[in-house]
Amino acid sequence: MFTRRIQSLSEEDFAKWFNDQLEMQENGCKVWTHGRNKAGYGMVKIPTAKGPRLAHRVSLEMKLGRPIRDGLCALHSCDNPPCCNPVSYTHLTLPTKRIV
């Protein structure tokens, strides 16, 4: 698994850095341009977490202003795993119950 280490950034600086790592596509997806896991989801190392996190969850948490509870997942309506666009509900939507 590839990750991007970010050390000692403020929350504001991290948000700016994070958004700079996204590439806008014609379909409206904002695609994570760094490391991805085997399923194609973007992975990022953030200062406040012990290990790498899924980039789309980090993006949605920044938009919501709060963490996504464990056991909940974020829905990719666009079916594009590296998409981190929480602004448009046609891409990344609010957490839903995880389907087991």
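**Notebook: pocket, cores and a loop**

I started with the lining of the largest pocket, whose residues split into 7 nonpolar, 3 polar and 4 charged. My classes: Ala, Val, Leu, Ile, Met, Phe, Trp, Tyr, Cys and Pro are nonpolar, Asp, Glu, Lys and Arg charged, and the others, Gly among them, polar.

Before going on, I note that this is a predicted model, where local features need pLDDT of at least 70 and side-chain atom pairs count only at pLDDT 80 or more, while totals for chains, interfaces and linings use all residues. Residues are numbered from 1 along each chain as its sequence is written, and side-chain values use heavy atoms, with hydrogens and water left out.

Back to the pocket. I counted 14 lining residues, and Glu11, Phe14, Ile46, Thr48 and Met62 lie nearest the centre. The space inside comes to about 360 Å³. For the record, a pocket here is an open set of points on a 1 Å grid over the protein atoms alone where a 1.4 Å probe fits, with protein on both sides within 12 Å along at least five of seven lines; lining residues have an atom within 4 Å of a point. Points are joined across faces, edges and corners, and the volume is the space filled by probe spheres set on them.

Next, the fold. I read off 2 helices and 6 strands, in the order α-β-β-β-β-α-β-β. These are DSSP runs (helices H or I, at least four residues; strands E, at least two), numbered from the N terminus.

Then I looked inside. Of the 100 residues, 38% are buried (under 20% relative accessible area, 1.4 Å probe, protein chains only; exposed is over 50%, partly exposed in between). The largest nonpolar core has 11 residues, including Phe14, Trp17, Trp32 and Cys84. Such a core is a set of buried Ala, Val, Leu, Ile, Met, Phe, Trp, Tyr and Cys residues joined through side-chain atoms within 4.5 Å. Helix α1 gives the most to this core, 3 residues.

What does Trp32 touch? Leaving out residues up to four places away in sequence, I list Trp17, Phe18, Gln21, Leu22, Gly42, Met43, Val44, Ala55, Pro82 and Cys84 (contact: heavy atoms within 4.5 Å).

Last, Asp79. I found it in the loop between β5 (72–76) and β6 (92–97). Asp79 counts as exposed because its relative accessibility is 68%. From Asp79 to Leu92 I get 9.3 Å, C-alpha to C-alpha, across 13 residues of sequence.
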